[in-house]
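Take a look at the protein chain shown here.

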Amino acid sequence: MSVSTSTLAPTELRLTPAAGRLGAVVHDVKLGGDLPAGTVAALEAALYEHKVLFFRGQQHLDDAEHEAFARLLGQPVFHPTVPSADGRYIFELDATKGVRANNWHTDVTFVPSYPKASILRALELPPAGGSTVWANTAAAYQDLPEPLKALAESLRAVHTNDYDYAANLALAPELADNAEVAKLFRQVFVSTAFKTEHPLVRVHPVTGEKHLLLGSFAQKIVGVSGKDSRALIELFQRYVERLENSVRWDWQVGDVAIWDNRATQHYAVNDYGDEPRLVRRITLDGDLPVGVDRRPSRLLEPADPPRVAGLVPAAELEAEALGAKS
């Protein structure tokens, strides 16, 4: 596959397309907090165009430098319910502890202003397997026949973190059937149960593209019965999961992936048995989605919400945390 050059920003990037509808490999960029402003601008432009960017050979990144780079693209954000791995912003997915994100999802859509982007790096990998697949939710919307586009634009969906994790994550039987594991998942992931109403079609605040806003946190269509609600979600989700709309990345230790969380869903393939797989992620503070009718997303539950990411600007939360330590 030929290498192309992006000219969307002041600094040129060498890019190799990773698939037909999304994804690009970025060459000759060493990620870190000291990247020139022109390079950062070029990466942002490439991210909006390709929706997922891949970088090889970034073994120099540790947690601190991971965060320093993330700050060039936006404000890092705490997970609303899960404690960080480093006491700051690192969200860790360790397969040996049963954490396997093998379902189609957009990160943290159970809160209104979910993250705008995620930055993931690979620390430990199985000898084979453990790929991640991303899907282009704008292409999925464009694939809809016109009557389904009109229907989708009229619908709103309830997203929640309160659902059956064991069933949705396809945990190994010894984990799925373990009462202590199930209790741990609920204590951590659902320490606060959130319900948020989002438009089924979101308008991207930068590109203006229309995206299907679904994934595993979407549990119900507003105003539709349970059975019909599930049928509608499955109907539209099938367009997201079409192979034509996807890119699959075979990880190497030191790889970094950055994705536009407002324009994609992703799925971590659980095909590596008991082998270790350790990745770490930082997410960036997002904005309140709006639908085609300009109606914004809204929190439904809890009635007395905590001050967490997705409900309170991340910069405010960071200032509060720093104040509490001083």
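## The chain as a whole

The protein chain has 9 helices and 18 strands. The model is predicted. Of the 326 residues in the chain, 53% are buried.

Contacts in the chain also tell us about sequence distance. Take those with a separation of 6 or more: 81% of them are between residues 24 or more positions apart.

Strand 8 runs over residues 132–136 and pairs with strand 14 in the antiparallel sense. The two are joined over 4 bridges. Thr 132 has Trp 249 of strand 14 as its bridge partner.

Another open sheet has 4 strands, in the order 13-9-10-18. Its pairing is antiparallel. Strand 13 (218–221) and strand 18 (298–301) are the edge strands, and each pairs on one side only. Here the twist averages 35° from one strand to the next.

Strand 9 (residues 156–160) pairs with strand 13 over 3 bridges, in the antiparallel sense. Within strand 13, Lys 220 stands opposite Val 158.

## Helix 1 and helix 2

Two packed helices are described by the angle between their axes and the distance between the axes. Start with helix 1 (residues 37–50) and helix 2 (residues 63–73). Their axes come within 10 Å and cross at roughly 75°. Angles of 65 to 115 degrees count as roughly perpendicular. Helix 1 and helix 2 are therefore roughly perpendicular to each other.

Which residues make the contact? Helix 1 supplies Val 40, Leu 43 and Glu 44. Helix 2 supplies Phe 69, Leu 72 and Leu 73. By class, the contact of helix 1 with helix 2 has 5 nonpolar residues, no polar ones and 1 charged.

## Helix 4 and helix 8

Helix 4 spans residues 146–154, and helix 8 spans residues 226–240. Their axes are 12 Å apart, and the helices pack at an angle of about 120°. That makes helix 4 oblique to helix 8. The crossing of these two helices is left-handed.

On the helix 4 side, Leu 148, Leu 151 and Ala 152 make the contact. On the helix 8 side, the residues are Leu 232, Leu 235, Phe 236 and Tyr 239. The contact of helix 4 with helix 8 has 7 nonpolar residues, with no polar and no charged ones.

## A glycine in a loop

Find Gly 23 in the loop between strand 2 (13–17) and strand 3 (24–27). Is Gly 23 buried or exposed? Its relative accessible area is 2%. Buried means under 20%, so Gly 23 is buried.

What does Gly 23 touch, leaving aside its neighbours within four places in sequence? Gly 23 is in contact with Pro 17, Ala 18, His 50, Val 52 and Phe 54. Gly 23 and Ser 246 are 223 residues apart along the chain. Their C-alpha atoms are separated by 8.6 Å.

How values were computed: Residues are numbered from 1 along each chain as its sequence is written. This is a predicted model: local features need pLDDT of at least 70, side-chain atom pairs count only at pLDDT 80 or more; totals for chains, interfaces and linings use all residues. Side-chain values use heavy atoms; hydrogens and water are left out. Two strands pair if DSSP finds at least two bridges between them. Axes are lines fitted to C-alpha atoms, for helices over the stretch in contact, and angles run from 0 to 180 degrees between N-to-C directions. Angles under 35 degrees count as roughly parallel, over 145 as roughly antiparallel, 65 to 115 as roughly perpendicular and the rest as oblique. A crossing is left-handed if the near helix is turned anticlockwise from the far one by less than a right angle, and right-handed if clockwise. Contact means heavy atoms within 4.5 Å. Ala, Val, Leu, Ile, Met, Phe, Trp, Tyr, Cys and Pro count as nonpolar, Asp, Glu, Lys and Arg as charged, and the others, Gly among them, as polar. Buried means under 20% relative accessible area, exposed over 50%, partly exposed in between (1.4 Å probe, protein chains only).
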